[in-house]
Amino acid sequence: MKIAINTGGGDAPGLNAVIRGAVLAAIHRGWECLGIRRGYGGLMGEDRVVPLDAAAVRGITHLGGTILGTTNRGDPFTWREQCPDGSWVTHDRSDEVVAAFRSLGLDALIAIGGDGSLRIAARLYAKGVPLVGVPKTIDNDVGGTVATFGFDTAVQTATDAIDKLHSTAESHERVMVVEVMGRHAGWIALHSGIAGSADVILIPEIPFDLKKVCDKIRSRETEGRHFSIVVVAEGAAPRGGTVSLVDPEHERLGGMGDKVASSIEKMTGKETRSLVLGHLQRGGSPTTFDRLLGLRFGAAAVRLVAEGRFGCMVALRPPGIAAVPIEEALATPKRVPLDSDTLATARDLGISLGD
Ligand code: F6P
C-alpha cells in the first residue's frame with residue numbers, strides 16, 4: 001500500500017501528532033507514506049510531495065503547526081488565480097488532483113482538515129479518490145465527533161489569557177473585553193469563559209442584548225466588584241443584529257469585541273479596554289489531550305484505510321474512535337446546544353450570557 005497525507009485549512013495544534021500517528025501506523029503495516037505539501041498544492045504543481053518515513057515524523061508530537069504546510073485558500077474545485085490585469089478568475093482543477101493522485105500510484109489519502117477541507121475531501125471521494133478524513137479545528141464545530149483536536153489547546157490559551165486579564169482589570173477597575181475565535185460556534189468562548197471565571201460570555205448561539213450585559217457590570221459595581229471580564233466569541237451578534245466581518249469576501253469574522261467594548265463604555269461610563277486573542281489560539285504546543293487525540297486519530301485513520309472504509313472520517317465517540325461518513329458529519333455543524341449542561345453551569349455560576 002502507498003498512502004498520502006495532507007493538511008488543509010487553518011492550522012490547529014495537534015496536526016503533527018496526527019501525521020506521526022498515521023505515518024507510524026502505516027509503516028507498522030509495511031506501507032509507504034507520502035506527504036502532500038500545502039493542502040492539495042503538492043498535487044497541482046504548486047508545491048511538492050515529500051516522503052514521510054519514521055525519521056520525518058520523529059520528535060514532532062509536541063510541535064504546533066504542520067510539517068506539511070497548509071492553506072485555507074486551496075480549494076481545487078474553486079481555484080482562484082490572478083490575471084495579468086489584476087482581476088481574479090476561478091476554475092475547477094480537481095481533475096488535476098485526481099490525475100496526480102493516480103500517477104503517483106497512491107492507494108489512499110488521509111485528508112486532515114476542518115469542515116471546509118472535509119467538504120473538499122467529500123467531493124474528491126465522489127470523484128473516485130479513496131480517502132479517509134480526520135476532523136481538525138480549534139473551533140470544535142465539526143459534527144459527528146465529540147471533539148476535534150486543537151480545541152483543547154485553544155481553550156487553554158484563551159483561559160490563560162483571561163486569567164492574566166483579571167489582575168490588570170481589577171487593579172485598574174476596568175472592564176476588559178476579550179474576543180476569541182470559533183467562527184459561528186461558541187465553544188472556545190464558553191469553555192474558556194467559564195474556566196477563566198468571566199462575568200459575561202457572548203456566544204453566536206445566543207444573540208445578546210447590550211442592556212443585559214451592562215446590567216451585569218452595574219450589579220457587580222453595587223457588590224463592590226469594580227471590574228468585569230467579558231468574553232466575546234468572534235461570531236457573536238446582538239439580538240436583531242448581524243455578525244461583524246473584517247473581510248466580507250472571505251467571510252472573515254472579527255471586530256465584535258471592539259464594538260461591545262465601546263458600547264459598554266458609553267452605556268456604563270466604565271473605562272473599558274478590548275483585545276483580540278486571534279491566531280495566538282492556533283499556535284503553540286498542543287495540550288496532552290490534543291496530542292493523544294491527534295495520535296489516536298492518525299492511527300485510527302490508517303486502520304480505516306486498511307479496512308477500506310473510504311469516505312468516512314474518524315470521530316471521537318468515547319470511549320472509542322468511530323468511523324462516520326464525511327457527508328453525514330458535515331450535514332449538521334456542531335453548535336453549543338441551548339440545553340447543554342455547560343450553559344446551565346454558566347448560568348448557575350451567575351455568568352451573564354447577555355440574554
Ligand atoms: O477555523 C479556524 C479559525 O481560526 C477560526 O476560528 C477563524 O475565524 C479563522 O480560522 C481565521 O482564519 P484566518 O487564518 O484565515 O485568519
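Q: How many residue pairs are in polar contact between domain 1 and domain 2?
A: In this predicted model, local features need pLDDT of at least 70, side-chain atom pairs count only at pLDDT 80 or more, and totals for chains, interfaces and linings use all residues. Residues are numbered from 1 along each chain as its sequence is written, and side-chain values use heavy atoms, leaving out hydrogens and water. A polar contact is a pair of N or O atoms within 3.5 Å; within protein, one must be able to donate a hydrogen and the other to accept it, and residues adjacent in sequence count only if both atoms are side-chain atoms. Between domain 1 and domain 2, with both residues at pLDDT 80 or more, the number of such pairs is 8.

Q: How many charged residues are on the side of domain 1 that touches domain 2?
A: Asp, Glu, Lys and Arg count as charged; Ala, Val, Leu, Ile, Met, Phe, Trp, Tyr, Cys and Pro as nonpolar; and the others, Gly among them, as polar. Beside 4 nonpolar and 3 polar residues on this side of domain 1, the charged residues number 7.

Q: How many salt bridges does the rule find across the interface of domain 1 and domain 2?
A: The rule requires a side-chain nitrogen of Lys or Arg within 4 Å of a carboxyl oxygen of Asp or Glu. D141 and R183 form a salt bridge, at 3.3 Å from N to O. Across the interface of domain 1 and domain 2, the number of salt bridges is 5.

Q: Which residues of domain 1 lose the most area to domain 2?
A: Buried area is the accessible area (1.4 Å probe) that two parts lose on being put together, summed over both. Between domain 1 and domain 2 about 1200 Å² is buried, with 47% given by carbon and sulfur atoms. Together accounting for 41% of what the domain 1 side buries, the residues are R73, I138 and D139.

Q: How much of the ligand's accessible area does the protein cover?
A: A polar side-chain atom of D139 lies 2.6 Å from a ligand oxygen, and an N or O atom in the side chain of R282 lies 2.7 Å from an oxygen atom of the ligand. Of the 400 Å² that the ligand has on its own (Shrake-Rupley method, 1.4 Å probe), the protein covers 82%.
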